[in-house]
Amino acid sequence: MNEERIKALFTESIQTQISAIESLSEHIEDCVDLLVNSLLAGQRLFVCGSGASHMLAEHFARVMNIGYKIERPAFPVVALNHYAQAQVASLAQAGDLLLVFATRESDDSALIETMETALSRNMIMIAITGQQNDMVSGLLGASDLELQIPSLNESRVLEQQLLISQCISEFVENTIFPQEHD
């Protein structure tokens, strides 16, 4: 009985991964291009998450600061804490980026307030979400990006958020420091 359930969970994860790669490859490339161009132009990246995705936001910021696969200078990336809205209001400038990790429909008022503040500061937003996260999706504009993972299951979304964040970290690093990856 447990073996069948374990197989079912792995199968569901694999199927979500296959669906995600089919629907998100181009969006991941767009995200990497946006991050590379912004970082090279001196813009900062602020990262936050709601619920369990908060740990992914912190992990992503840490990797972008210390390096993913190579030793390199830190990128200007700030992991936002419980005072995210105030941090964005006091530190962010027009053209800076806000990366949001949200698994499902967000009732996290702090996350929504942070995104609204980013809008008022003319920041560009990238959201890595699960399906049917209308509150987050609704705050995104034409120049923003949403990488919507094709799942309503929070566990599957978290798995894909981690994988996508690792892809983004590796590709940003490879693009800015190509000589280090030869």
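This is a predicted model: local features need pLDDT of at least 70, side-chain atom pairs count only at pLDDT 80 or more; totals for chains, interfaces and linings use all residues.

1. Five strands form an open sheet in the order E2-E1-E3-E4-E5, and their pairing is parallel. At the edges stand strand E2 (77-79) and strand E5 (145-149), each of which pairs on one side only. From one strand to the next, the twist averages 15°.

2. Pairing of E1 with E2. Strands of a sheet pair through backbone hydrogen bonds, in either a parallel or an antiparallel sense. Here strand E1 (residues 45-49) joins E2 in the parallel sense, over three bridges. Within this pairing, Phe46 stands opposite Val78 of E2.

3. Helix H4 on the sheet. Helix H4 (residues 109-120) packs on the sheet and touches E1, strand E3 (97-102) and strand E4 (124-130). The direction of H4 makes about 160° with that of E3.

4. Helix H6 on the sheet. H6 (residues 154-176) lies across E3, E4 and E5. Relative to E4, H6 runs at about 140°.

5. Helix H1 against H6. How far apart are the axes of H1 and H6, and at what angle do the helices pack? Helix H1 (residues 2-40) packs with H6 at an angle of about 35°, and their axes are 8 Å apart. The crossing of these two helices is right-handed. By class, the contact of H1 with H6 comprises 16 nonpolar, five polar and three charged residues.

Note on methods: Residues are numbered from 1 along each chain as its sequence is written. Side-chain values use heavy atoms; hydrogens and water are left out. Axes are lines fitted to C-alpha atoms, for helices over the stretch in contact, and angles run from 0 to 180 degrees between N-to-C directions. Helices (H or I, at least four residues) and strands (E, at least two) are DSSP runs, numbered from the N terminus. A crossing is left-handed if the near helix is turned anticlockwise from the far one by less than a right angle, and right-handed if clockwise. Ala, Val, Leu, Ile, Met, Phe, Trp, Tyr, Cys and Pro count as nonpolar, Asp, Glu, Lys and Arg as charged, and the others, Gly among them, as polar. Two strands pair if DSSP finds at least two bridges between them. Contact means heavy atoms within 4.5 Å.
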